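Hi everyone, thanks for coming.

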Amino acid sequence: MNKNERGIKNKNKDVLRVAITVAILGILFFVMPVSGKTGISVGPAEFRVDNVTPGQRITAGTLSVTNTGDNECTYLVSVFEPLSFREGYSSLPDHSWVSFDKTEITIPPGESGYVNVFLEVPDKKEYLNKDWEVWINVGGVKGGMITTEVFVRMLISTKAEPASFFSHIMDFVRDKARIIAVVGVIALCIGISAYVIKKKITITIRRKD
Amino acid sequence: MDDRTSILAPLVALMIATAFVTPVMTQENATINVTVTISQLGVEVSPATYDFGLMNLNDVASTSADYFSVTNTGNVPSNMTMKATNTSNWRLSPSPGADAFTLEYRLDTTWTPLTTSPAIFAANIGPGENETFALQMKTPTSTTSYGQQSTTITIGVVAA
C-alpha cells in the first residue's frame, strides 16, 4: 500500500468518524408544531342502562363531544376495559356488544359532534340478571404531541331471570289485587254516572208537575 | 240532553277504567330504562407541545417542574390518566435500552415511567382544579435509527 492509498484510507476513516459523530449528535426528539392548549369535553360522564333484554338491540345513549382545544382534532371512539369498577359491577364479557354510529369524528376547535351508542346483549339465559361496566373511550389521535381523551362509564344491568313458581303465585295475587282495584273504579264510575242520570230524570219529572 | 248524558256516562266510565287498565297491561312491556346523569367530563392541557431538542444516546432531558398544566374542565370529580406512544423507530420502555426510550412524568418528587396503556396519575380532581407536572426523556442506549422522533402523550379523564 503506497502513501497515497494510505492517505485516502485515513481520509475515508475520518469522514466515517465525522459521519457517526454527526449522526449520534443528530438524535432529535422532535415534536409536532402545534401550540396552545388541547382539550376535550364529553357528556354525559356516565350512563346506566337497566332492565336490558338479551337479544334486543337498543340505543343506549348519545355522547356529545366538544373540542375545547385550540386546534382541530380527530377523535376515535372505542370500547375500553375499565381501570376500576363501580361497586357491584363486573367486566362486560364481550366488547363487541357495544357499537357506535361512528368511530371517528373530526371536530374543529370550539365545536361539538355527537355519537350514538348501541347495545346488543346476545339472547342467552346466562346473560340474565347481570351487572356489567364498560368504558367508552373518546380519544384524540391527531392534534399534537399532547392529546386528550375521556372515558365514559357505561353501566349495564340485564333483566332478572324468569320468576320461580312461588313468585308466579305472588305476581298472580298482586295482579288480582290490581284487577279488583280496576273493577272497583269502574263500578264507582258507573255508580256515579247512574246517580247523575237518575238525578237529572228526577229534576225533569218535577218540572212537569 | 238526557239521552246524551246516558250514553256519555258509561263511555266516560269506560275511558277512566281504560286509563287505569292500560298501565297494568303495558307494565310487562316496559323493558329498558336508560338513566343519564347530567354531567360533563372535561380536560384541558397546556401547553400542547414540547421540544426536547438535540439529544445524544443515553441522554436525559426534562422540562421544568410544573411545565404542563392539566385542568378538570368538567363538572364532576375526576381521575386523570396518562399514556404515551412508541415512536416510529423506538419503543417506550420503563428503562432505556437498544432502540428503547423512557418517558417519565413527575407530579411532586418522584419520576414515574409512562406506558402505552393509560394509568391514573391524579385521582379525584375536583371541577375547575388543576395539576401540574413535568416530563423527562431518556434516549436509547444504542439505536439503529438516528434522526428526529416523536411521541404522543395522551391525558385522559374519567369520573371518579
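If you read along its sequence, the pattern is α-β-β-β-β-β-β-β-β-β-β-β-β. Chain A comes to two helices and eleven strands, and from its N terminus on, the order is α-β-β-β-β-β-β-β-β-β-β-β-α.

Please keep in mind that this is a predicted model. So how confident is the predictor? For the complex it gives an ipTM of 0.74 and a pTM of 0.70. Chain A averages a pLDDT of 81, and 70% of its residues score at least 70. Chain B averages 86, with 77% of its residues scoring at least 70. Over residues 22–30 of chain B, though, the pLDDT is below 50, and that stretch has two contacts in the model beyond near neighbours in sequence. Chain A has a stretch of this kind too: pLDDT stays under 50 over residues 21–34, for which the model has 38 contacts beyond four places in sequence. Among the elements of chain A, strand β1, residues 27–29, has the lowest mean pLDDT, 47, while strand β7, residues 98–100, has the highest, 98.

Of the 209 residues in chain A, 27% are buried; of the 160 in chain B, 29% are. Let's look at contacts between residues at least 6 apart in sequence. In chain B, 80% of those join residues at least 24 apart, and in chain A the share for residues 24 or more positions apart is 77%.

Next, find the largest nonpolar core. Which of its 59 residues touch the most other members? They are A:V138, A:V150 and A:V152. The largest share of this core, six residues, comes from strand β11 of chain A, residues 146–158. Ten of the 13 residues of β11(A) are buried, so the strand is largely enclosed by the rest of the structure.

Let's stay with β11(A) and look at its partners. Five bridges join it to strand β3 of chain A, residues 46–52, and the two run parallel.

Over to another set of strands in chain A. Strand β2, residues 38–43, is joined by four bridges to strand β4, residues 57–67, and they run antiparallel. A:V42 has A:V65 as its bridge partner in β4(A). Nine bridges then join β4(A) to β9(A), also antiparallel, and one of the pairs is A:T59 with A:F118.

Within strand β9, residues 112–120, look for A:V115. Is A:V115 buried or exposed? The threshold for buried is 20 or more other C-beta atoms within 10 Å, and A:V115 has 21, so A:V115 is buried. Its contacts include A:T62, A:L63, A:V65, A:V77 and A:F100.

The peptide bond from A:G43 to A:P44 is cis, with omega near -5 degrees, and A:P44 lies in the loop between β2 and β3 of chain A. In chain B, the bond from B:S46 to B:P47 is cis, with omega near -5 degrees, and B:P47 lies in the loop between β2 and β3 of that chain.

Which residue other than glycine has a positive phi of about 65 degrees? That is B:D66, found in the loop between β4 and β5 of chain B. B:D66 is exposed, with 12 other C-beta atoms within 10 Å. B:D99, also not a glycine, has a positive phi near 55 degrees and sits in the loop between β7 and β8 of chain B. With 17 C-beta neighbours inside 10 Å, B:D99 counts as partly exposed.

How values were computed: Residues are numbered from 1 along each chain as its sequence is written. Chains are lettered from A and ligands numbered from 1 in the order in which they are written. This is a predicted model: local features need pLDDT of at least 70, side-chain atom pairs count only at pLDDT 80 or more; totals for chains, interfaces and linings use all residues. Two residues are in contact if their C-beta atoms, placed from the backbone, lie within 7 Å. pLDDT is the predictor's confidence in each residue, from 0 to 100. Two strands pair if DSSP finds at least two bridges between them. A nonpolar core is a set of buried Ala, Val, Leu, Ile, Met, Phe, Trp, Tyr and Cys residues joined through C-beta atoms within 7 Å.
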